[in-house]
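Here are my notes on the model you sent over.

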Amino acid sequence: MNLTVHGIGAAPRPLDPGEAGTWVSTDQFEQVLDAVVGRPNVCLTFDDGNASDLEIALPRLLERGLAAEFFVLAGLLGEPGRLDKDGVRELRRAGMAIGSHGWAHRDWRQLTDEEAAEELVDAHRVLSELAGHPVNRVAIPFGSYDRHVLRRLRRARVACAYTSDGGRARPASWLQARTSLRHDLDVGWVTRALASSPLKTRGRRLAARTVKRLRGSR
């Protein structure tokens with residue numbers, strides 16, 4: 001099970017449309033952390049490179065002996081409310097993994113060739129320099145992908161691609177489903193998210209993922 005965190009605490013910048021739905025309080029975040037301690041089958045990931053990754057998440061992860069992977073927007077480093085380059089280096093020094101969320105939070109199904117180079121070449125180069133190792137794992141912005149996006153990722157030699165499809169993922173799968181924390185989560189949500197989904201729900205999710213993998217007419 002892969003869980004995705006976006007923002008924590010008071011928003012330090014104007015949020016994009018729909019972004020508030022995945023912004024959680026510090027108490028909610030700690031509730032999730034306490035639930036996953038001692039569960040090696042649960043992986044924590046962070047998207048968007050928000051300043052709360054460093055200011056709120058990192059100390060609470062370290063307190064509990066947890067590690068996570070942070071997918072950063074390379075082109076937005078240093079903007080108000082975002083991580084800067086030193087913040088990325090600090091996460092890495094603390095033992096956290098660094099991945100790419102692209103350059104400017106664009107929909108990867110709509111990229112021009114020039115934008116694709118920024119998202120999948122320039123972003124990886126910048127983040128690799130900061131992390132001190134090759135960055136070749138990505139989180140797909142908005143979870144928006146089709147067969148053309150997946151082909152482009154493979155050509156870019158992406159080692160692993162994370163989605164927002166929800167539900168469980170096979171550990172060795174190249175395409176990894178994730179479940180995003182929601183603004184209204186409570187103990188019940190956490191329990192349901194970490195529980196095994198009913199067969200009918202798993203079937204619906206599998207069908208939706210298959211459609212995404214195959215769609216795309218250009």
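1. Leu-120 is buried, at 8% relative accessibility. For these labels, buried is under 20% relative accessible area, exposed is over 50%, and partly exposed is in between, using a 1.4 Å probe and protein chains only. Leaving aside residues up to four places away in sequence, Leu-120 touches Trp-108, Arg-152, Leu-153 and Ala-156, where a contact means heavy atoms within 4.5 Å. Leu-120 and Ser-100 are 20 residues apart in sequence, with their C-alpha atoms 8.5 Å apart in space.

2. A word on the ground rules. This is a predicted model, in which local features need pLDDT of at least 70 and side-chain atom pairs count only at pLDDT 80 or more, while totals for chains, interfaces and linings use all residues. Residues are numbered from 1 along each chain as its sequence is written, and side-chain values use heavy atoms, with hydrogens and water left out.

3. Now the overall picture. The chain has 7 helices and 10 strands, and 49% of its 218 residues count as buried. Among contacts in the chain with a separation of 6 or more, 67% come from residues 24 or more positions apart.

4. On to charge pairs. Side chains of opposite charge can pair when their charged atoms come close. The structure has 13 salt bridges, each being a side-chain nitrogen of Lys or Arg within 4 Å of a carboxyl oxygen of Asp or Glu. One of them joins Arg-64 and Asp-34, at 2.7 Å from N to O. Arg-64 is in the loop between helix H2 (52-63) and strand E5 (69-72) and Asp-34 is in helix H1 (residues 26-36), so this pair ties together parts 30 residues apart in sequence. Both ends are partly exposed: Arg-64 at 22% relative accessibility and Asp-34 at 48%.

5. Another bridge worth a look pairs Asp-146 with Arg-109, with the closest N and O atoms 3.1 Å apart. This one links distant parts of the chain, 37 residues apart: Asp-146 is in the loop between strand E7 (137-139) and helix H5 (147-155), and Arg-109 is in the loop between strand E6 (97-100) and helix H4 (113-131). Asp-146 is buried, with a relative accessible area of 3%, whereas Arg-109 is partly exposed at 23%.

6. Since Arg-152 is in helix H5 and Asp-113 in helix H4, the pair ties together parts 39 residues apart in sequence. Arg-152 is partly exposed, with a relative accessible area of 25%, and Asp-113 is exposed at 63%.

7. How do H1 and helix H6 (residues 187-194) cross? Their axes come within 10 Å and cross at roughly 40°; axes are lines fitted to C-alpha atoms, for helices over the stretch in contact, with angles from 0 to 180 degrees between N-to-C directions. H1 and H6 are therefore oblique to each other, given that under 35 degrees counts as roughly parallel, over 145 as roughly antiparallel, 65 to 115 as roughly perpendicular and the rest as oblique. The contact is made by Gln-31, Val-32, Ala-35 and Val-36 of H1 with Val-187, Val-190 and Leu-194 of H6.

8. H2 and helix H3 (residues 85-93) pack at about 20°, with axes 10 Å apart, which makes H2 roughly parallel to H3. Asp-53, Leu-54 and Leu-58 in H2 meet Gly-87, Glu-90 and Leu-91 in H3.

9. Finally, two backbone spots to check. Asp-48 is not a glycine, yet has a positive phi of about 85°. Asp-48 lies in the loop between strand E4 (43-47) and H2, and is buried at 5% relative accessibility. Phe-142 also has a positive phi, near 65°; Phe-142 lies in the loop between E7 and H5 and is exposed at 52% relative accessibility.

Terms used: Helices (H or I, at least four residues) and strands (E, at least two) are DSSP runs, numbered from the N terminus.
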